[in-house]
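Please look over the model below before reading on. The notes that follow take a helix pair, a sheet and a side chain in turn.

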Amino acid sequence: MTDKPLGLSRRHLLAGLAATPALAAAAPAAAQTAGPSWTPQQAKDALKDAKGTKLVLLGTAAGPVPGRSRQMTSHVMLSDGAAYVLDCGMGVTDNYARTGIPFKALKSIFITHHHADHNIEYGPLLIVGWIQGVQNGVQAFGPPPLKQMTDDFMRAYKQTVDFWAEDFHMTPLTKVEVKEISAAGPVTQDDKVKVSAILVEHPPVKPALAYRFDFKDRSIAFSGDTAPLHAVAEMAKGADVLVHETMYVPAVEKYIKGQIALGRPVKFEAFMDHMKADHTPSEDVGRIAQEAGVKTLVLSHLTPAIDSITDEVWRAPVAKYFKGEIIVGKDLMVV
Ligand SMILES: [Zn+2]
Ligand SMILES: [Zn+2]
């Protein structure tokens, strides 16, 4: 890992990722049979028959890129009737609704870091969620300035909330209980779950968090966005499930070479150095999961989120190092 300037701005990088759907459009249809998503009915059926705590992947794509078949990053965990959302990329509200989990069940929201593919729909989830049943007192946890962001958003939408409250005789959403997390350690605890966080490596975003949820029957850990870190393996030690961000380097390289051929003014090495300073290649995801000794590894925050990359291609480099169960994340998949 390196702290030297890489000669490539975040803006360039994001502009680059924004062009990714063009590759998906060129992909042969036959390669897409595995599909990027479960149907809402599959998710509902899996939750209906579920015993114990369940994780639903609501969005499994990396980057703030609209228009793809996978949504930006978000998840919901359902335990004993209570719902806990982790990250709020665009699509979180729709896909939450598609699971059939009542909005009234939403107890807490956790944000890993302040990139748009993880937080852009935080405010809309609160407001639309409130219209659909989210209660005053809903909790939110994440890096600073989450308190300021929440206050500003609620102020911006006060009139909207008040109109709706007046019309439908509802109590306006005024109380979102925010706790900012800027260090490793315990985050919160209730009668169903104990939540802790660690700091991860995702320059220049500081702090960026990974979380672990210890439910009574199941432990679920999330890497967040990070370069490969032993600390993530330590945090996830013995967990039932590790959801880890996954970058398939050959496809990223192919993509950026294509962009350079089209005249994009970036240097190949600088671009790849930047990606490697911020994200975890597939092989390292396998190493980390093996070191952690988790039962199930979920590959998510897929980089690049191109439908033509088959499940087997995602799985193979990880399986060289990890001997447990490997799941290639799909939107609405219940784990
Ligand atoms: Zn991300
Ligand atoms: Zn990020």
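1. Ile127, Trp130 and Ile131 of α6 are in contact with Val161, Trp164 and Ala165 of α8, contact meaning heavy atoms within 4.5 Å. The residues of this contact divide into 6 nonpolar, no polar and no charged (Ala, Val, Leu, Ile, Met, Phe, Trp, Tyr, Cys and Pro count as nonpolar; Asp, Glu, Lys and Arg as charged; the others, Gly among them, as polar).

2. This is a predicted model, in which local features need pLDDT of at least 70 and side-chain atom pairs count only at pLDDT 80 or more, while totals for chains, interfaces and linings use all residues. Residues are numbered from 1 along each chain as its sequence is written, and side-chain values use heavy atoms, with hydrogens and water left out.

3. Helix α6 spans residues 122-131 and helix α8 residues 158-168; their axes are 11 Å apart at an angle of about 5 degrees (axes are lines fitted to C-alpha atoms, for helices over the stretch in contact, and angles run from 0 to 180 degrees between N-to-C directions). The two helices, α6 and α8, are therefore roughly parallel, a term for angles under 35 degrees. Helices (H or I, at least four residues) and strands (E, at least two) are DSSP runs, numbered from the N terminus.

4. An open sheet of 7 strands runs β7-β8-β9-β10-β11-β12-β13, with mixed pairing; two strands pair if DSSP finds at least two bridges between them. At its edges are β7 (185-189) and β13 (325-328). Strand β12 (residues 296-303) runs parallel to β13, joined by 4 bridges.

5. Asn95 sits in helix α4 (residues 92-98) and is buried, at 4% relative accessible area (buried means under 20%, with a 1.4 Å probe and protein chains only). A polar atom of the Asn95 side chain lies 2.7 Å from the backbone oxygen of Leu58.

Technical notes: Chains lettered and ligands numbered in written order. Parallel < 35°, antiparallel > 145°, perpendicular 65-115°, else oblique. Buried < 20%, exposed > 50% of the residue type's maximum accessible area, 1.4 Å probe, protein only. Polar contact = N/O pair within 3.5 Å; in protein donor to acceptor, adjacent residues only side chain to side chain.
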